[in-house]
Amino acid sequence: MGLLSGIAMLPVAPVRGVVRLAEVIQRQVDQELHNPARTRRQLEELEEARERGEISADEEREVQQQILEDRVKPATPETPPPEEG
């Protein structure tokens with residue numbers, strides 16, 4: 001990058017920095033959501049809640065299914081359906 005182009009791009013540097021920060025945060029969130037330890041912790045907490053009588057066995061199975069579905073869901077952002085017109 002030349003001196004003139006560097007000076008010309010200087011006003012957009014904060015925007016590029018914010019975009020880069022957002023990408024790093026998104027990567028961290030994806031890693032945390034798909035962390036096997038987190039899934040195991042959720043399932044253990046669910047089992048403990050059932051043992052304490054806070055939820056029924058049916059409720060436990062439903063929540064387990066939801067946790068596992070969320071675990072295997074691809075980590076791609078949702079895109080809106082294409083507009084017809």
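Val15 counts as exposed because its relative accessibility is 53%; exposed means over 50% relative accessible area, buried under 20%, and partly exposed in between, with a 1.4 Å probe and protein chains only. This is a predicted model, in which local features need pLDDT of at least 70 and side-chain atom pairs count only at pLDDT 80 or more, while totals for chains, interfaces and linings use all residues. Residues are numbered from 1 along each chain as its sequence is written, and side-chain values use heavy atoms, with hydrogens and water left out.

**Overall make-up**

- The protein has four helices and zero strands, where helices (H or I, at least four residues) and strands (E, at least two) are DSSP runs numbered from the N terminus.
- Along the sequence the pattern reads α-α-α-α.
- Of the 85 residues in the protein, 6% are buried.
- The protein has an accessible surface of about 7,500 Å², and carbon and sulfur atoms account for 58% of that surface; accessible areas come from the Shrake-Rupley method with a 1.4 Å probe, and for residues only the protein chains shown count as cover.

**Nonpolar surface patch**

- Val15 is found in helix α2, which covers residues 13-33.
- Met9, Val12, Val15 and Val19 form a nonpolar patch on the surface, and together they have about 310 Å² of accessible area.
- Patches are made of residues with over 30% relative accessible area and no salt bridge; like charges are joined within 9 Å, and nonpolar side chains (Val, Leu, Ile, Met, Phe, Trp, Tyr) within 5 Å.

**A buried threonine**

- Thr39 lies in helix α3, residues 36-51.
- Thr39 counts as buried because its relative accessibility is 7%.
- Apart from its neighbours within four places in sequence, Thr39 is in contact (heavy atoms within 4.5 Å) with Ile67, Leu68 and Arg71.

**Salt bridges**

- The structure holds six salt bridges, each a side-chain nitrogen of Lys or Arg within 4 Å of a carboxyl oxygen of Asp or Glu.
- One of them joins the side chains of Glu60 and Arg50, at 2.3 Å from N to O.
- Glu60 lies in helix α4 (residues 57-72) and Arg50 in helix α3, so this pair ties together parts that are 10 residues apart in sequence.
- Glu60 counts as buried because its relative accessibility is 8%, whereas Arg50, at 31%, counts as partly exposed.
- Another salt bridge is between Asp58 and Arg61, whose side chains meet at 2.2 Å, N to O.
- Both Asp58 and Arg61 lie in helix α4, three residues apart, which is about one turn of the helix.
- Asp58 is partly exposed, with a relative accessible area of 48%, and Arg61 is partly exposed at 47% relative accessibility.
- Glu54 and Arg52 also form a salt bridge, with their closest N and O atoms 2.9 Å apart.
- Both Glu54 and Arg52 are exposed.

- Lys73 has its place in the segment after α4.
- Lys73 counts as partly exposed because its relative accessible area is 48%.
- Lys73 and His34 are 39 residues apart along the chain, and their C-alpha atoms are separated by 9.0 Å.
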